[in-house]
Amino acid sequence: MKPLLAAIAALACLSAPASALTVSLAGGSDMRFTLSDVASTTLDFSLPAGYSGYANYGGYIRWSTREDGRRDGDYPGGTCLDCGYSGGDWALGTGWMDSRSVTVDFGSELEDVYVWIRATYGNGTVTYAIDPAPSAVASAVPLPAPALLLIGGLAGLAALRRRATRPARA
């Protein structure tokens, strides 16, 4: 029975929440990433670990439902990542704030949203979820078919083992 419980615990790891990605950003640099089926996302900004002396780091966030970075209803005039909706900003400094989380609320669940982060000064990191689950209503996650096959196989092996260790009848 213990191997079966271990297998179920291993399968729980398969449906764990999405992982996160940490990226270093220096002043004047930017990054853009795409999220799907989300209503919000949280970005964690922090100063470099182990930095000695004075450090500061800051910038702003924009988002759009259009791949060119513009707001809905804007004319189709080339890419403008700085033209999207405001998602907030951050400012960090040694001695007063080493890290900060910024939650960007998109207002409703969106099929695709493009998030652009611009570091205007300093050096630091940003951490964000690679594939966050939709924040609408939490629902039960069904086990994938291979997981069910694995559970069935383990149960079969346990039954065979139990049958083999049973004493013979006279």
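Q: What does contact mean here?
A: Contact means heavy atoms within 4.5 Å. The model is predicted, so local features need pLDDT of at least 70 and side-chain atom pairs pLDDT 80 or more, while totals for chains, interfaces and linings use all residues. Residues are numbered from 1 along each chain as its sequence is written, and side-chain values use heavy atoms, with hydrogens and water left out.

Q: OK. Which residues is Phe-45 in contact with, leaving aside neighbours within four places in sequence?
A: The list is Tyr-57, Ile-61, Trp-90, Leu-92, Asp-98, Ser-99, Arg-100, Val-102, Ile-117, Thr-125 and Val-126.

Q: How much of the chain is buried?
A: Of the 170 residues, 28% are buried. Buried is under 20% relative accessible area, exposed is over 50%, and partly exposed is in between, with a 1.4 Å probe and protein chains only.

Q: And what share of the contacts is between residues 24 or more positions apart?
A: Such pairs make up 79% of the contacts with a separation of 6 or more.

Q: Back to Phe-45. Which residues have the most contacts inside the largest nonpolar core?
A: Phe-45 is one of them, along with Leu-43, Trp-90, Phe-106 and Ile-117, in a core of 24 residues. Two or more residues come from each of β2, β3, β4 (85-93) and β5. The biggest share is from β5, with ten residues. A nonpolar core is a set of buried Ala, Val, Leu, Ile, Met, Phe, Trp, Tyr and Cys residues joined through side-chain atoms within 4.5 Å.

Q: What lines the largest cavity?
A: The lining is Arg-32, Arg-62, Trp-63, Ser-64, Gly-69, Leu-81, Gly-84, Tyr-114, Val-115 and Trp-116. Both β3 (56-64) and β5 (99-129) give at least two residues to that lining. By class it has five nonpolar, three polar and two charged residues; Ala, Val, Leu, Ile, Met, Phe, Trp, Tyr, Cys and Pro count as nonpolar, Asp, Glu, Lys and Arg as charged, and the others, Gly among them, as polar.

Q: New topic: Arg-66. Where is it?
A: Arg-66 lies in the loop between β3 and β4.

Q: Buried or exposed?
A: Arg-66 counts as buried because its relative accessibility is 18%. Beyond neighbours within four places in sequence, Arg-66 is in contact with Arg-71, Asp-72, Gly-73, Asp-74, Tyr-75, Pro-76 and Tyr-114. Its side chain also makes a polar contact of 2.7 Å with the side chain of Asp-68. A polar contact is a pair of N or O atoms within 3.5 Å; within protein, one must be able to donate a hydrogen and the other to accept it, and residues adjacent in sequence count only if both atoms are side-chain atoms.

Q: What about Thr-34, which strand is it in?
A: Thr-34 is in β2 (residues 30-46). With a relative accessible area of 42%, Thr-34 is partly exposed. Apart from neighbours within four places in sequence, Thr-34 is in contact with Val-113 and Tyr-114.

Q: And Ser-36, where is that?
A: Ser-36 is in strand β2. Its side chain has a polar contact of 2.9 Å with the side chain of Asp-112. Ser-36 and Glu-111 are 75 residues apart in sequence, yet 5.2 Å apart from C-alpha to C-alpha.

Q: What is the phi of Asp-37?
A: The phi of Asp-37 is positive, about 55 degrees, although Asp-37 is not a glycine. Asp-37 is also in β2.

Q: Last one: what does the side chain of Thr-94 reach?
A: It reaches the backbone nitrogen of Ala-55 at 2.8 Å. Thr-94 is in the loop between β4 and β5, and counts as partly exposed at 35% relative accessibility.

Notes:
1 Å grid on protein atoms, 1.4 Å probe; cavity = no way out; pocket = protein on both sides within 12 Å on 5 of 7 lines; lining within 4 Å. Helix = DSSP H or I, 4+ residues; strand = E, 2+ residues; numbered from the N terminus.
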